[in-house]
Amino acid sequence: MKLKNIFLLMAMVLSAFSASSQTFELRHDHSNILVSDLEASALFYKNILNLKELETPWGKNPKTRFFSIGNNRQIHMVQADKESIVINKILHLAFNVKDFEAYLQFLKKKGIEYFNFSGGKYEIQLRPDGVKQIYFQDPDGNWIEVNDSEY
């Protein structure tokens, strides 16, 4: 074997070893959602999900709003044409809540209808692991899941 080939083989082995020993940790930072009425959606996310609004990097940008979902994670709300918004229950935001039953009562008081995944109104979905789930929609129809998984 030529010295050049041995050197190339050693470089590839060392490179592979170095790549497999990376210590980075990938975490969720934020999600973007499209809304057609930014004000109505912002009020919904503040009043129904109790999210705190944050400043955007652009100051008071009339087409974007940021909200904290805790643990340095965010939802970014972006103004879009109604035709640009794709609604599908599979594409949803999911949150867990400490007191699931109290949250169900809160939703009822606010007049928010919730469903199980199959569409049963005011029915709770039960995952195979025992976690309770419900689904409801924001003013643009985006689906939101709330569950009682470990808080």
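Visitor: Where does Ile-90 lie?

Guide: Ile-90 lies in the loop between strand S4 (73–79) and S5. This is a predicted model: local features need pLDDT of at least 70, side-chain atom pairs count only at pLDDT 80 or more, and totals for chains, interfaces and linings use all residues. Residues are numbered from 1 along each chain as its sequence is written, and side-chain values use heavy atoms, with hydrogens and water left out.

Visitor: Why does Ile-90 count as exposed?

Guide: Exposed means over 50% relative accessible area, buried means under 20%, and partly exposed is in between (1.4 Å probe, protein chains only). Ile-90 has 60% relative accessibility, so Ile-90 counts as exposed.

Visitor: Which residues form a nonpolar patch on the surface?

Guide: Val-86, Ile-90, Leu-91 and Phe-117 do, with about 420 Å² of accessible area together. Such areas come from the Shrake-Rupley method with a 1.4 Å probe; for residues, only the protein chains shown count as cover. Patch residues have over 30% relative accessible area and no salt bridge, and nonpolar side chains (Val, Leu, Ile, Met, Phe, Trp, Tyr) are joined within 5 Å, like charges within 9 Å. A salt bridge is a side-chain nitrogen of Lys or Arg within 4 Å of a carboxyl oxygen of Asp or Glu.

Visitor: Is Ser-41 buried or exposed, and why?

Guide: Ser-41 has a relative accessible area of 0%, so Ser-41 is buried. Ser-41 is found in helix H2 (residues 38–47). Helices (H or I, at least four residues) and strands (E, at least two) are DSSP runs, numbered from the N terminus.

Visitor: What does Ser-41 touch, not counting residues up to four places away in sequence?

Guide: Ser-41 touches Val-35, Met-77, Pro-139 and Asp-140. Contact means heavy atoms within 4.5 Å.

Visitor: What makes strand S7 and strand S8 a pair?

Guide: Two strands pair if DSSP finds at least two bridges between them. Strand S7 (residues 132–137) and strand S8 (residues 143–147) have five bridges, in the antiparallel sense. The bridge partner of Phe-136 is Ile-144, in S8.

Visitor: What is the strand order in the open sheet?

Guide: The order of the four strands is S5-S8-S7-S6, with mixed pairing. Strand S5 (92–96) and strand S6 (125–126) are the edge strands, as each pairs on one side only.

Visitor: How many helices and strands are in the chain?

Guide: There are three helices and eight strands. Of the 151 residues of the chain, 32% count as buried.
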